[in-house]
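Please read it beside the sequence and the structure.

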Amino acid sequence: MNFSQFKNRYVITGELVVENALHIGSGKVEGDFDSAFIKTGENGYYIPGSSFKGYLRSKVEGFLVGAPFGLKVGTDLLNEGDVLGIFGYTSSDISKDDKVKERLSKILGKDFKNFASKLHISDLKIMDNNTKEVTRDGIKISRKTGATIKGAKFDYNVIEKGNRFLLEMTLENIEDYQLEIIMLGLKDILSGDLFGGKLSRGIGKCRLELKSCKFVDSNDKESLKNYIFKGDLKNKDINTLNKITKISL
């Protein structure tokens, strides 16, 4: 870690609960299965952290890009620049919109050709290693005729209701309002939302339960000392994360 630019670090943990069935495809045909659930080893089922991060980013963009309302911090109107300022980007990702460039310049206060993500999400590993995936049958329907396409039967595997995947998010040098943006992005899945693949098959309902939040802030010298020399982080009341005080309409 580069402590010359260190402000804070948050580690938020939770459990993603499958409420009906979940499919995260491996992209490979395995044995008799056309679409197996992604895993490492025999039963090491997991959700790639990049998949959950992509879900979260799309939710954040729903608030800040093209929404019929505007979110503000003070008098500053938030936009796509705030998405990039959290999730990172390269020069090819930067919008040509002058308002986005202006926002990025204000957030970063420096050259903004490239910027690393402030958010890291580890792969979400299944909590019960004895879980077995279950095979479901599917058929393809012609959109033109509404009839079954001949020879279009396929199998896909799911993880069934009740299984849990462990979530760990790490945020570094995050501003208070940026943490609130992330919590807004999690709002839907905290009460239950669709996630994963094969959603048209009536599956993918998941709910996130937040379990803990630990942090260290460079302004708190005692906790910073404990973090540097012991690796300890302070506990933060998980319920305070849902309080939105910096962002307004």
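The second largest pocket holds about 340 Å³ of space; a pocket here is an open set of points on a 1 Å grid over the protein atoms alone, where a 1.4 Å probe fits and protein lies on both sides within 12 Å along at least five of seven lines, and a volume is the space filled by probe spheres set on the points, which are joined across faces, edges and corners. This is a predicted model, in which local features need pLDDT of at least 70 and side-chain atom pairs count only at pLDDT 80 or more, while totals for chains, interfaces and linings use all residues. Residues are numbered from 1 along each chain as its sequence is written, and side-chain values use heavy atoms, with hydrogens and water left out.

The lining of this pocket (residues with an atom within 4 Å of a point) comprises 18 residues, and Leu77, Leu78, Asn79, Glu80 and Lys99 lie nearest the centre. By class, nine of the lining residues are nonpolar, three polar and six charged, where Ala, Val, Leu, Ile, Met, Phe, Trp, Tyr, Cys and Pro count as nonpolar, Asp, Glu, Lys and Arg as charged, and the others, Gly among them, as polar. Helices α1 (49-64) and α3 (98-108) each supply at least two residues of the lining, and α3 gives the most, with five; helices are DSSP runs of H or I with at least four residues, and strands are runs of E with at least two, numbered from the N terminus.

The axes of α3 and helix α2 (residues 80-87) come within 7 Å and cross at roughly 45°, the axes being lines fitted to C-alpha atoms over the stretch in contact. The two helices are therefore oblique to each other.

Strands count as paired if DSSP finds at least two bridges between them.

| Pair | Bridges | Facing residues |
|---|---|---|
| β1 (residues 8-18) and β13 (residues 205-217) | eleven | asparagine 8 and aspartate 217 |
| β12 (residues 193-194) and β13 | two | leucine 194 and lysine 205 |
| β13 and β14 (residues 234-236) | three | cysteine 213 and lysine 236 |
| β5 (residues 72-73) and β6 | two | lysine 72 and leucine 77 |

A further arrangement is an open sheet of three strands in the order β6-β5-β15, with antiparallel pairing. Because β6 (76-77) and β15 (247-248) stand at the edges with a single partner strand each, one side of each is left without a neighbour in the sheet.

Notes:
Axes are lines fitted to C-alpha atoms, for helices over the stretch in contact, and angles run from 0 to 180 degrees between N-to-C directions. Angles under 35 degrees count as roughly parallel, over 145 as roughly antiparallel, 65 to 115 as roughly perpendicular and the rest as oblique.
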